[in-house]
Amino acid sequence: MYDAEDIFDRCLIEGGRLLEAQPSASSGGHLNFCRNICDEIRRVNDRLNEINDDNNVVRRLVEEKHEGRLVQTSSFTSPTHVATDIVGTQIFDVTQNLISKIEESKKECTVLGISGMGGIGKTTLAQKIFNDEMVLRGVGGNDVGVETKAEVEGRLDPLLSGSLLLVLDDIWSANVWRELLRNPILKGSCRSVILFTTRHEVVAREMRADYVHPAEKIDEGSGWELIRKIVFGDGEDAIISELEEVGMEIVRKCDGLPLAIKVMAGVLFHKERTKTEWKKVVESDLWFRKEIKLSNALYLSYEDLPNHLKQCFLSCAFYHGISHRSDIIRLWVAEGFVIEELDSLMEVTAKDYYKELIARNLLQIDQRFEDGRLFVMHGVLRSFGEKLMEEEGIIISGDPYRSTNSLTKINSSTKIRRFLPDSLVKLSHLKYLNLDGTKIRKLPESIKDLANLQTLCLSGCKSLHELPDGITRLSNLRCLRILSTPLTHFPKGFGKLKNLNNLAGFFVGHRDSMSMMEGGCDLDELQYLCNLNDLVISKLERARTTNFVLENKTFLRILTLGWTMNNNENNDEQSSEAERICKQLSPPATLEGLSIDNFPGRQFPDWMVSTSLADLTFLALDKFPSCRENK
């Protein structure tokens, strides 16, 4: 597969080179290229023929056709996205028991634990306790960006003035409590409850907890209730009664593990609600696989996925450091996992893949962000995915890289050199380059040679002030993110990047020029970027022309507009010009999210106050100092 992809990439590069070449250029090099490519294609075809011959010998196909009936493809949207606290009736008694221990404790600092094997429901139980109305808890910020001991203590201080419930989930060592958190909390004046979960009994003992609850497998009745709620929701009583017997068989095969039951419910949700179809799940030989030393229920749920979703699921396990929806979607596109559909961006299709993995309980939405922008993967599912991927490539983690079969992504490191190494721009197959937050000062002009690059991330590069002109020749670029980077200007020619659909950080004009447009871009550069889906524009006070550049952007869904106020200019002039620019931007009616910052105008544009934005679900307006109306 990788050899075939490499041939395809090389042909795209050669095609681009020929389009740029002069008509009088020598064709000798091109003919040699064609001969070499033909030889490589023959070798790949020979190997495919060998594989096909072997397949005919050991054919073992699983087909879902019965008496000429076609299997209906699964829907991407589950009407029963079950909250994480639904694990059956058994959880109620355990929750109340632990809450009682919290209320009855007379100690200033009570330490409670939940221990048990992976997938048994420790985190779910902790969430249930944390969200219970009877529990008083301090409310603080999240832990994003906290790295040092001083930062952690700084986050703790505001929480120690009232009642505090601190949850330490899935800890593998007691050091975080003993060496970092224990002393500040004990010195505080508040009543504190520390609730931790762990897979290891040794860790539970080292925490010196007042009580440790050993999480148990759920009973068959609770397991069936969990399946019933995920698959059927409310109603369909007649069908539920008919399927209860075979459903209980599936629960027994899951051996009381809530995680296994949930992912099996995700499989059943996409099956027909008949005993025949459910019996096939029970009788599948995948329950008896010996080579995968993890729950066979997980393997069956994996095998039930379409091929493209299998690849997407494995990549979530593969890339440990990625938890943002937009990042994983970009990687799926770069890896070629997304099936291109007519009149739709691949990123939009990939978002549907993401939703289906959520619906199948193979990924979970990070509860801190209800819009689903961040996801988490259960440790057992990640280990399962790693097991399947161990011969496929590197595992992005703290461990040494295990293999190097394929590398189409390079992620940033804060230790990266200040100048992009020449060897990097020779990686002609590179599709994803993330340099966010690095100290890089300059990108080489030869970056244009990364002909297959699809995603380039340069946000937070505080020492980067210029983009090379060669960046406008990255014809396959689909995403450019460059927020909070002090560029002087965008080089002219961005309108040539016809595949660009995510442009975050575009700004108008030149920072250092007396003439604000000299050397920089105006809005007309956006006119030919017809695939834009997510667009962030700033410095709109410098804009001179608009020409309704956003009006026909039918794929545009997310738009952010920003101005920078200039107190030295006439306020009336600023307001009038801002109103003109904003009026002529006129985004399409398909817009779903709109943010406007520092708008100096006195009134909203007509397109904003009309009913044309029927699909708008998110609106953020910040700093409208001159606005006189409220429509």
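The following legends describe close-up views of a predicted model.

**View 1. Helix H14 spans residues 325-335.** Because 10 of its 11 residues are buried, helix H14 is largely enclosed by the rest of the structure. Just after H14, Gly336 adopts a positive phi of about 80°.

**View 2. The largest nonpolar core contains 56 residues.** Within this core, the residues that touch the most other members are Leu458, Leu467, Phe490, Leu503 and Leu523. At least two core residues are supplied by each of strand S11 (502-507), strand S12 (534-538), strand S13 (558-562), helix H17 (571-585), strand S14 (593-597) and helix H18 (606-609). Helix H17 provides the largest share, with 4 residues.

**View 3. A second, separate core comprises 40 residues.** Among the members of this second core are Leu98, Ile99, Ile102 and Met264.

**View 4. Ser115 lies in strand S1, which covers residues 109-115.** Ser115 counts as buried because its relative accessibility is 11%, and the cut-off for buried is under 20%. When neighbours within four places in sequence are set aside, Ser115 is in contact with Lys122, Thr198, Val212, His213, Pro214 and Ala215.

Methods: Residues are numbered from 1 along each chain as its sequence is written. This is a predicted model: local features need pLDDT of at least 70, side-chain atom pairs count only at pLDDT 80 or more; totals for chains, interfaces and linings use all residues. Side-chain values use heavy atoms; hydrogens and water are left out. Buried means under 20% relative accessible area, exposed over 50%, partly exposed in between (1.4 Å probe, protein chains only). A nonpolar core is a set of buried Ala, Val, Leu, Ile, Met, Phe, Trp, Tyr and Cys residues joined through side-chain atoms within 4.5 Å. Contact means heavy atoms within 4.5 Å.
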